[in-house]
Amino acid sequence: MTATNLVAKSVSQLLCIPKRAKYGMAIWAGRQFFAGGCRPPASISELKTIPILIRSSTNVVNKTPSTATEAAKTARSRTLRTVLIVPFVLQLFAAVGLVGYLSFKNGQKAVNEIADRLMTEVGSRVQQNLGAYLTVPHQVNQINAVAIELGTLNLEDVPVLQRHFWRQLQIFDTLTFTGLGLEQRDNLGAERLDNGSLTWRVSTAASNYDFRTYATNESGEIGAVLNNKINFDPRTRPWYKAAVAAGKPTWSQIYPNTAGITAYLGASMPFYDKQGKLQGVLLTNINLSTIGKFLQSLKIGETGQVFIVERSGMLVATSTGERPFHTINKEYGAERVKAIDSKNTFTQTTAKYLRANFNEFQSLKTAQSLEFDVEGKKQFLQVLPWQDDKGLDWLIVVVVPEADFMAQINANNTATILLCAAAFVVAIIVGVVTARWVTKPILSLNEAAKNIAKGEWGKSVTLNRSDEVGELANSFNSMAAQLQVSFTEMQALNAELSESESRLNQILEAVPVGIFVAESSGKPYYVNSRAQDLLGTGIIANTESELREIYQAYLAGTNELYPADKEPLANAFKGASVNVDDMEIRQSDRIIPIEVWGTPIYDDKGKVSYAIAAFADITQRKQAEKLVAEYNRTLEVQVTERTQELKTALDNLQTTQEELIQSEKMAALGQLVAGVAHELNTPLGAIRSSAGSMTTFLEQTITNLPSLFQSLSPAESESFNTLLYRSLQKDLTLTAKEERKLKRALIRQLEDENIDEGNAIADTLVDMGIYEADDFLSLLQKVDRDRILEMAYKLSEIQRGTQTINTAADRASKVVFALKTYGRYDSSETMAASNITEGIETVLTLYQNNLKHNVEVIRNFQTIPPVMCYADQLNQVWTNLIHNALQAMDNQGTLTLDILQEGNNIKVGVTDSGAGIPSEVMPKIFAPFFTTKPPGEGSGLGLDIVRKIIDKHRGKIEVESVPGQTTFTVVLPVNLS
């Protein structure tokens, strides 16, 4: 942006100067400034952004275009014709090459896609057929197992088994054997030979366990013996061992048949009797040649193949017709073949590649699409893992040579290259002719442009063409005419801009604030007359000192120069707009406090080029602030005195409130005195009664006890001690009816043992808590049994009296402790961690006499943490709420107490089953001295005190009431400090 535009932009933004839109330059129009709706500056903050760059801007428009520019030179290293032809040829060459390359790559991509699709289709067909083939053997085994379990097949009826298995082979043409082997060594089943004929194979005790193969006719009847294997034991065969070890349906290892002419994959399944004992193993085989025949039926390109291998690398089947085993001269005369040892070179090479790159086939966990080279020729390879839930884990390998697809692709690529070359030659010829036709008129335009650069405006270009080049020539002539007019108008604009500068200076001198402008180097650039008056001087050309030293700028109220980091101009040069009112200008005869606004001015590149400081004299404001500060100090003293008076009144009020709370507590305690006295009198009476009984019994037994033990044998002494121990375990929960029933049973038992006076003895034993006499018959049959029973009864009563005294003492101690806790008054006004539940239990203990007859207390207490509180005051809250609840129910009904924690709050609920609070009374229940009780029965301060205590704990109290249920809920913060 030029200096003129910068001035125009800044002035127009602040002072609303109109613009001449045609040329985009700001022109000051003094006569239109106020008349045109623009207001004068409203404040110092507006004036501070006025740029002062007009001084050096007017000369910009005086510059005229040079008579000859560097762009008009005719010497060039490349002609326009070359520029048009060479890129065209290069682009054409690139396009032809790209087309050929893409054609080749698309051919390869198509081959890859076709090969991948072919291998995927083949793999899917193999997976589907494997699933179909390999499901049938296990289904047949399940059918046979169910038939044996239901009794349809009798394992001892060989003819029925023969017909059954023979018929299954007729139905399922994919099977080669179905039968069973038993734990007792029998083995029998039907087998399909390679020629399709069905045979019956059997080995039982009747044949001395020779495994014989019989021919069968079309009806399944047995014919001649085809072969015989001596001393056969099915339990030693792989299929039998595998099923027994698994304990469930499974696949055996691939194994040769007994004749060694083929290999089987056996589906075996153990079956058991009803006691879970192993009976034998069902076996259904398929011949691997069946899978091989299916693979041979697949069309895989011209020379592609598919084969199946186990994870061990053993060949299962292949589409090449190769058998997956070798016949050798040994028992069961066949041996498995590894894929890497295949006679087919393609199969062998593929297997070796997979074994070397996938950890002996073990790393092939997911489907893989691969490529590898054999003798420099690419091969497409796809491997599909195949598993079932019976233990099979095979790899389906599909491999197709790239050569099966590339013949036609290569022919198409050759034709494409020839066509591209022909098109390239033709295009070059057309490009040269076109370039000549285009460049000739452009050269004429170039010559005319050079003339205009020299200032020769009158020369024009004449072209008799109606196309785009002709239109370009006409536009060129029009542009030259407009440039000549614009140059004339720009000279007139220069004169107007000079006038605008003069008027702007007049305005800046007239504003009632100081304006100070500095360059980015810190050198003063402009100072208006008001600034000179406040600073005591104008521009000082002293670049070695800082501006704050030159113009004596001090921090108000100190003898320190104004801090550099707060100085407005320094901050403006950093890009910050700041405002300060703590600066003083110290002249020789006066000190002037000023308020300063610092603002940066940016150039068209966004860099700070100038900084403006606008400042005003604030002497009167500072004097007013001093008066306000003096008034505030006086007011502060008065507020402090009044605050002390209010504090004294508040302390007196708190003391009165504490006395009122203690008075309310004592009043409540007075109401509880009768109940508490009763609660203490009851255990004291029990203690007095038990002590009297114990004294009497002790006097009666102490002298007779030694002679008693002397009359008893060791065994009888043991029985006597057991009698005492049983008496102390008396079940106090039995009803009178249950005791009478047990007594009658005891009488019958004594009569059965011929013991006289059974009724009296039973009375004594039942009173002691003894309901069976089995362990004490030897004592009851003694002559002095009455003395023994009497002594045992009195000793047990002494022990029970001791227990009664302990229980009564605990009860009295608990009541006394609750009374002591409730009556305690803590005047320290210090918060302490307290257990809310224990406080409520203390209040319930004091009200026990009111609760124990007709009030059911339901405690819903969660375990909560201790709460910082005034424990004595909260106990008063629980007392008032529980007392009100009991009075609302007339001391009969249900009192429900809830304690729970919700977040950082503890909630305590007190619910009664009384008649409820009328809606017209509800708004007034917390008002002081409000009560619904008759005169003399209530002060009306209970709930008012409760609310004030809760407010003191920064909590809240809520009430909800309907007929039959009124709930007061107290919410207290856990972490109140």
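A salt bridge here is a side-chain nitrogen of Lys or Arg within 4 Å of a carboxyl oxygen of Asp or Glu. By that rule, Asp581, Glu595, Arg621, Lys622 and Glu625 are linked in a network of salt bridges, and the structure holds 22 salt bridges. Keep in mind that this is a predicted model, with local features needing pLDDT of at least 70 and side-chain atom pairs counting only at pLDDT 80 or more, while totals for chains, interfaces and linings use all residues. Residues are numbered from 1 along each chain as its sequence is written, and side-chain values use heavy atoms, leaving out hydrogens and water.

**Salt bridges**

- Arg621 and Glu595, two members of the network, meet through their side chains at 2.8 Å, N to O.
- Arg621 sits in helix α13 (residues 619-702) and Glu595 in strand β23 (residues 591-602), so this pair ties together parts that are 26 residues apart in sequence. (Helices are DSSP runs of H or I with at least four residues, strands are runs of E with at least two, and both are numbered from the N terminus.)
- Glu595 is buried at 11% relative accessible area, whereas Arg621 is partly exposed at 32%. (Buried means under 20% relative accessible area, exposed over 50%, and partly exposed in between, with a 1.4 Å probe and protein chains only.)
- Arg336 bridges to Glu310, with the closest N and O atoms 3.4 Å apart.
- That pair links distant parts of the chain: Arg336 belongs to strand β15 (residues 334-336) and Glu310 to strand β12 (residues 305-310), 26 residues apart.
- Both Arg336 and Glu310 are buried.
- Arg530 and Asp533 pair up too, their closest N and O atoms being 3.0 Å apart.
- Here both partners lie in helix α10 (residues 529-535), three residues apart, or about one turn of the helix.
- Arg530 is partly exposed at 27% relative accessibility, and Asp533 is partly exposed at 39%.

**Strand β19 and its partners**

- Strand β19 (residues 514-519) is mostly covered, with five of its six residues buried.
- β19 pairs with strand β24 (residues 608-617) in the antiparallel sense over six bridges. (Two strands pair if DSSP finds at least two bridges between them.)
- Within that pairing, Ile515 has Ala614 of β24 as its bridge partner.
- β19 and β20 make a hairpin with four residues between them, and Gly522 in the turn has a positive phi of about 95°.

**Positive phi without glycine**

- Phe361 isn't a glycine, yet its phi is positive at about 75°.
- You'll find Phe361 in the loop between α7 (345-357) and β16 (368-374), and it is buried at 3% relative accessible area.
- Glu375 isn't a glycine either, and has a positive phi of about 55°.
- Glu375 is in the loop between β16 and β17 (377-387), and counts as exposed at 78% relative accessibility.

**A positive patch**

- Lys737, Arg740, Lys741, Arg744 and Arg748 form a positive surface patch. (Patch residues have over 30% relative accessible area and no salt bridge; like charges are joined within 9 Å, and nonpolar side chains (Val, Leu, Ile, Met, Phe, Trp, Tyr) within 5 Å.)
- Arg740, one of the patch residues, lies in helix α16 (residues 736-752) and is partly exposed at 48% relative accessibility.

Definitions and conventions:
Accessible areas come from the Shrake-Rupley method with a 1.4 Å probe; for residues, only the protein chains shown count as cover. Lys and Arg count as positive and Asp and Glu as negative; His and the chain ends are not counted. The place of a charge is taken as NZ of Lys, CZ of Arg, CG of Asp or CD of Glu.
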